[in-house]
Amino acid sequence: MRRDGRGRGVSVAAATALVCALGLSAVPETAYAAPGEPGPTPGGGAGDGGAGDRSLEAVRQEVEGLYRKAESATDAYNLAREKQARQEKSILKIARAVVKAQKEMAGLRKRAGAMARAQYRGGGMPAEARLFLNGDPGDFLDGVTLARKGEKATHGLIGRLARTQVALDRYAESASQEWERLDRSRAKKAAAKKEILRKLARAQRLESRLAKDERERLRRLEEDKARGAQAKWLDTGILRELGSGATARGGRAVDFAKDQLGKDYVWGAVGPDTYDCSGLTQRAWAAAGRAIPRTSQEQWRLLPKVSVKDMRPGDLIIYFRDASHVGMYVGSGAMIHAPRPGRQVTVAGAGSMPILGVVRPDAR
């Protein structure tokens with residue numbers, strides 16, 4: 001069920017301050033076992049084929065790993081979908097060019113036929129011979145001019161026919177290549193989608209086998225891990241170096257991201273009601289008037305990079321070595337992101353996950 005992101009009683013500024021404070025606070029006591037220690041058996045008895053023989057931490061690690069792999073596969077899916085859309089447009093453009101060239105070819109052939117019929121009606125005698133047999137000097141000179149024009153027109157027509165045929169052949173070859181690329185993109189997209197659904201289903205099965213109180217403890221465990229990582233990041237003194245001023249566009253992107261708080265994560269979604277991580281950042285920057293790539297991996301690859309210590313609100317933080325996750329820095333050591341299925345767009349610590357780097361969509 002979606003939480004209403006607009007009816008929040010606490011401002012985002014307060015929330016970001018709270019994130020930083022939580023990064024330095026003590027972790028509360030919980031009933032689950034620490035990693036490596038014997039713990040409860042979530043989901044009931046052993047032998048259920050699910051989480052029965054695992055500690056909650058082991059479940060957390062597996063669920064998190066599955067969702068991360070699904071997110072990485074989502075990037076592959078989105079990239080293949082973009083390529084497919086571009087290839088479909090390219091094929092449509094080629095088809096239009098072919099229709100235009102075919103019409104031109106039909107017109108040229110019609111003109112060539114008319115010229116051949118005219119020559120036939122003239123008895124097949126070359127124009128030069130007919131000129132010499134003409135007894136009128138004036139007609140002879142006029143005929144020379146007309147003959148030269150006719151010869152030039154004939155040569156021009158033949159040249160245009162040849163060029164148009166070459167163009168048609170080229171279009172046919174291009175169309176064939178684009179169709180092959182399109183088939184490959186479709187296959188990649190289908191494979192990526194299958195992989196996503198398989199991993200999402202596995203993660204959801206694991207979570208569904210947990211009792212209600214265990215699912216809540218799993219959520220708290222995830223939050224505790226994130227707070228611990230954020231506290232470690234803040235202990236480096238990074239907060240003293242980070243910028244606090246956004247550009248006009250960066251500010252608009254941040255405002256858009258704030259307005260999405262509480263909306264559900266859905267893989268492949270780009271709004272307006274649900275988002276995946278890169279769908280959120282892409283739409284936020286589109287609202288600010290800047291088009292950026294669809295996937296977190298392409299955002300990392302193509303957008304200008306800046307040092308972590310130089311990041312400012314509106315910059316995008318790319319996470320994990322495979323660039324499979326992205327959030328938007330909003331200041332005070334916090335970021336906004338769409339975490340994973342079953343979670344909502346939220347404020348989190350900018351250092352709550354391993355940072356690969358930072359990119360700046362509005363870098364000059």
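Which helix lies across S5 and S6, and at about what angle to S5 does it run? In this predicted model, local features need pLDDT of at least 70 and side-chain atom pairs count only at pLDDT 80 or more, while totals for chains, interfaces and linings use all residues. Residues are numbered from 1 along each chain as its sequence is written, and side-chain values use heavy atoms, with hydrogens and water left out.

The helix in question is H6 (residues 248–259), running at about 110° to S5. Axes here are lines fitted to C-alpha atoms, for helices over the stretch in contact, and angles run from 0 to 180 degrees between N-to-C directions; contact means heavy atoms within 4.5 Å. Helices (H or I, at least four residues) and strands (E, at least two) are DSSP runs, numbered from the N terminus.

On to the sheet. It is an open one of 6 strands in the order S3-S8-S4-S5-S6-S7, with antiparallel pairing. At its edges sit S3 (305–306) and S7 (346–349), each pairing on one side only. Two strands count as paired if DSSP finds at least two bridges between them.

S5 has S4 (residues 316–319) as an antiparallel partner over 4 bridges, with Ile 318 opposite Val 326. The hairpin of S4 and S5 has 5 residues between the strands, and Phe 320 takes a positive phi near 70° there. S5 also pairs with S6 (residues 334–337), again antiparallel, over 3 bridges; here Met 328 stands opposite Ile 336. That hairpin has 2 residues between its strands, and Ser 332 in the turn shows a positive phi of about 55°.

Over at S3, 2 bridges join the strand to S8 (residues 355–359) in the antiparallel sense, and Lys 305 has Val 359 as its bridge partner. The charged end of Lys 305 also sits over the ring of Trp 300, 4.5 Å from its centre; the rule asks for NZ of Lys or CZ of Arg within 6 Å of the ring centre and within 35 degrees of the ring normal.

Finally, Pro 272 lies in the loop between S1 (264–265) and S2 (274–275). Pro 272 counts as exposed because its relative accessibility is 58%. Not counting residues up to four places away in sequence, Pro 272 touches Gln 260 and Lys 263.

Definitions and conventions: Buried < 20%, exposed > 50% of the residue type's maximum accessible area, 1.4 Å probe, protein only.
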